[in-house]
Amino acid sequence: MESSVSETVEIDRRRVKRSKWYKNWKFIIPSIIVILAIILGGINYYQANHFNANIKINDIKVSGLTADEALKTLKTAVLTNEVYVGTQQILDGQDTKMEFTEKDLPAVKKILANQKTLFPSSKAKNYSLMPSKMDQYRSQTMKKQVEEKLISLNKSLKAPQDAEVHLEEGKIVVSKSVSGNQYEIASLLKDYEKQEYKSDIHLNPVYIEPIKEDSPVIKDEKNKLEALLQRTVDYKVQDKVYSLKASDLIKSATVTKDLNVSIDTNEIKNKISDINETQSTLNKNFRFKTHSGSVISVKGEGYGWALDEDKEAAQLLAAFKKGEKSISASNIIGHGWSGEGYGYETTANNGIGDTYAEVSIAEQKIWIYKNGKLVVTTNVVTGKHSTGEDTSKGVWYILYKRTPSTLRGSHVGSGSYEVEVQYWAPFTNSGQGFHDASWRRNWSSSAYLNAGSGGCVNTPSAIMKTVYNNLSTHEPVVIY
């Protein structure tokens, strides 16, 4: 009996203990939850206010720092400002501090929030942040130094060679492009502007590319040259027209990048030279029919014309380039007072025309023709032969006319003179011309031998006015 009672008591005790354990558990679980919540809250608070391990901003380690501490670290960080193109260092700039200020704290906090994780993380991240205040040294001074360095480097580097379209001996040839190793500076500077705010700046190498043979640019250049060679220009010189083909006159040419054609004008000049040889009158002899009907040859002196080969070549070249169908010669040279030519508009009478003055030294007479008709003739006295002051033979032209006029000059053996005349019409640049000579008493046909003028054509005063009125400025004077 006693044994049974004690067993019952023991069993009841166990039930009581078991009953108390369950009652205590109700208090333990909430306690654990509170503790965990406190721990998680602490972790979350820490994570919200501190950077994770292995976090960097602009290559500066900010692990475990608050936003304020990270900003302080950034503000004191030093930029070594080394610039590389590929693996080559091209610039070692001066050390500077990052230009961060308190105004950048919100940006740092934004990164802090962005990198936050629920539990601490060791994942490495490197964030990029530019200061709100522009770094003048990095953005301006150092950028200019980089540009200057690249320009300097390019001088010693091989430049690329573009494919080019040439005309060689009348045949179109396309040269091959050749690569170089010069830097494409504009692209590198754009890359520089996009760089993150770090100590070292690494630029990807970009090289100047040549224009390739199959590029649209080369095709356009070739087409332009082919079109040029198909052109023809009718070139009018006086009353003659020369049909000039580009394919005959353009044998060497290059088309530039802007589609301008650079042409060797030698063949064009040679053509103009040929025209001058056969058609111009400058420095040539004129076939001239005298008053007596005889035909003589008289050398062109002041009178005569030729094409200015350089200027006419340029004019023809421009016509070919523009696709003009016809042009007229317009650059005429000669032995005029200012290098101008005379007689270009005249084709009749072998280039002399029908209005001119004829002077015969042997006969000591002049004949003046207007539109092919003799309008006046008279005896004259020309330059003194015995002293070598002969009136100059050749084809000249009337420079100008003046009435009255003062003549100044000198005679061989008698010094200088100054004399008034009523009418003056010079025909040489040296001062020979027609004028009245009221002081002259000897008008014989042999007076010129020993008592002639200083080179002028002395004309009797009684008829000089008529002579003067019938002389035409710029018209030829034929002296033989």
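A cavity is a set of points, on a 1 Å grid over the protein atoms alone, where a 1.4 Å probe fits but cannot get out, and its lining residues have an atom within 4 Å of a point. This is a predicted model, in which local features need pLDDT of at least 70 and side-chain atom pairs count only at pLDDT 80 or more, while totals for linings use all residues. Residues are numbered from 1 along each chain as its sequence is written.

A search of the whole structure finds 1 cavity of 30 Å³ or more. The largest cavity holds about 50 Å³ of space, a volume being the space filled by probe spheres set on the points. Its lining has 13 residues; Tyr356, Ala357, Leu471, Ser472 and Glu475 lie nearest the centre.

S21 gives the most, with 3 residues.

Helix H9 (residues 309–322) has 14 residues and spans 20 Å from first to last C-alpha, close to the 20 Å expected at 1.5 Å a residue; the expected span is 1.5 Å times one less than the number of residues. Glu312, Ala313, Leu316, Leu317, Ala319 and Phe320 are the buried residues of H9 (under 20% relative accessible area, 1.4 Å probe, protein chains only). They lie on the same side of H9 because they cover an arc of only 160° around the axis, taken from the directions from the helix axis to the C-beta atoms. At the start of H9, a side-chain oxygen of Asp308 comes within 3.3 Å of the backbone nitrogen of Asp310. Gly323, with a positive phi near 80°, follows H9.

Technical notes:
Side-chain values use heavy atoms; hydrogens and water are left out. Helices (H or I, at least four residues) and strands (E, at least two) are DSSP runs, numbered from the N terminus. Buried means under 20% relative accessible area, exposed over 50%, partly exposed in between (1.4 Å probe, protein chains only). A polar contact is a pair of N or O atoms within 3.5 Å; within protein, one must be able to donate a hydrogen and the other to accept it, and residues adjacent in sequence count only if both atoms are side-chain atoms. On a 1 Å grid over the protein atoms alone, a cavity is a set of points where a 1.4 Å probe fits but cannot get out, and a pocket is an open set with protein on both sides within 12 Å along at least five of seven lines; lining residues have an atom within 4 Å of a point.
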